[in-house]
There are 2 protein chains.
Amino acid sequence: MLSHKAKYALKALLYLAEQDENHISRTVEIADGANIPKKFLEQILLDLKRGRFVSSKQGKFGGYYLIKSKNDITLAEIHRLFDGAIALLPCASLNFYEPCSDCKTESECNLRHGLMLIRDKTLKAMEGITIASLVKK
Amino acid sequence: MLSHKAKYALKALLYLAEQDENHISRTVEIADGANIPKKFLEQILLDLKRGRFVSSKQGKFGGYYLIKSKNDITLAEIHRLFDGAIALLPCASLNFYEPCSDCKTESECNLRHGLMLIRDKTLKAMEGITIASLVKK
DNA sequence: CTAATTCCTAGTAAATCGATAGAATTTATA
DNA sequence: TATAAATTCTATCGATTTACTAGGAATTAG
């Protein structure tokens with residue numbers, strides 16, 4: 001399941017993607033438009049900035065805007081930024097790999113291989129969902 | 001990600017699937033064989049029993065055994081029993097559906113449709129992984 | 001200088017997770 | 001029938017995570 005943070009991030013990105021080119025959106029505007037608690041959204045937007053999905057203009061008349069094409073922002077990326085691994089166990093993860101402490105050796109693990117199959121399919125599906133594909137026409 | 005509980009459940013089922021037909025496995029035997037904390041495993045086996053994957057014999061020389069074919073126990077079922085919904089949000093879930101409180105109306109939600117696509121693909125993949133398919137030959 | 005905004009750090013209440021503890025119940029068999 | 005060996009039940013616990021909230025510092029336009 002997605003955390004609220006990831007869900008809010010997606011909704012915020014969708015909001016930004018729906019604005020006119022060159023429009024700068026204030027946090028409060030996004031919060032109201034997408035129904036997200038404002039103070040919480042502040043943190044999320046900063047995370048999205050650190051992840052180079054959006055950039056900001058500080059000070060009066062400042063705000064946030066997309067710096068990555070909505071066609072290039074995938075659900076997989078947002079999941080990883082906010083919720084971490086897409087695989088079902090760390091030992092089956094590409095980006096968040098960690099060995100399992102309860103497995104004697106990895107080659108003997110009956111779970112890992114199957115979970116990597118799942119990971120590949122889920123990842124492929126999640127990479128197919130972009131912000132652009134989600135925006136209502 | 002899977003909880004430890006779900007992971008241990010899978011490992012316990014794998015252990016049971018590897019035993020001879022009619023063999024009854026004590027908790028401590030499964031715990032040692034699959035490297036699972038014994039007291040924690042007790043609860044997990046009770047959950048698996050309530051889920052009708054295993055049954056038990058009480059008292060001396062008692063223990064647990066599979067009552068569902070290892071070909072019919074899927075990763076999807078175990079995920080749902082221990083970790084709940086497979087979908088990324090409750091509003092996109094088949095078995096754990098709940099509306100989102102932050103969405104005005106469901107038809108206006110830009111996320112839901114995409115998340116249901118993911119759910120369908122992930123679910124299909126997870127239904128393809130059975131205990132039998134995981135057992136080492 | 002002031003107002004409006006992002007940026008930063010901390011805190012907090014509630015829930016969840018990953019167990020552990022202890023005792024009640026059930027069963028086989030000596 | 002007593003005993004040993006097992007499941008079953010219920011409660012508790014510490015650590016972590018989650019979903020926020022609070023407050024102020026820094027930045028910028030006019």
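Predicted model: local features only at pLDDT ≥ 70, side-chain atom pairs only at ≥ 80, totals over all residues.
User: Which element gives the largest share of the surface near DNA strand D?

Analyst: The elements that give two or more residues to this surface are helix H1 (4–18) and helix H3 (38–50) of chain A, together with helix H3 (38–50), strand S1 (54–57) and strand S2 (63–66) of chain B. The largest share is five residues, and the element that supplies it is H3(B).

User: How far is a phosphate oxygen of DNA strand D from an N or O atom in the side chain of Lys49(B)?

Analyst: Of the atoms of DNA strand D that come within 4 Å of the protein, sugar and phosphate account for 68%. As for phosphate oxygens, one is 2.5 Å from an N or O atom in the side chain of Ser56(B), while for the side chain of Lys49(B) the distance is 2.4 Å.

User: Which element gives the most to the surface near DNA strand C?

Analyst: Around DNA strand C there are 27 residues, and the closest are Lys49(A), Ser56(A), Tyr64(A), Lys39(B) and Gln43(B). At least two residues each come from H3, strand S1 (54–57) and strand S2 (63–66) of chain A, and from H1 and H3 of chain B. The element that gives the most, with five residues, is H3(A).

User: How far does a polar side-chain atom of Tyr64(A) lie from a phosphate oxygen of DNA strand C?

Analyst: Phosphate oxygens of DNA strand C have polar side-chain atoms beside them from both chains, including one of Tyr8(B) at 2.9 Å and an N or O atom of Arg26(A) at 3.3 Å. For Tyr64(A), the distance from a polar side-chain atom to a phosphate oxygen is 2.3 Å.

User: Are H1(B) and H4(B) parallel or oblique to each other?

Analyst: Helix H1 (residues 4–18) and helix H4 (residues 75–83) of chain B pack with their axes 9 Å apart, at an angle of about 135°. Angles over 145 degrees would count as roughly antiparallel and 65 to 115 as roughly perpendicular, so the two helices, H1(B) and H4(B), are oblique.

Terms used: Residues numbered from 1 in each chain as written. Chains lettered and ligands numbered in written order. Heavy atoms only, no water. Axes fitted to C-alpha atoms, helices over the stretch in contact; angles between N-to-C directions. Helix = DSSP H or I, 4+ residues; strand = E, 2+ residues; numbered from the N terminus. Parallel < 35°, antiparallel > 145°, perpendicular 65-115°, else oblique. Near = heavy atom within 4 Å. Polar contact = N/O pair within 3.5 Å; in protein donor to acceptor, adjacent residues only side chain to side chain.
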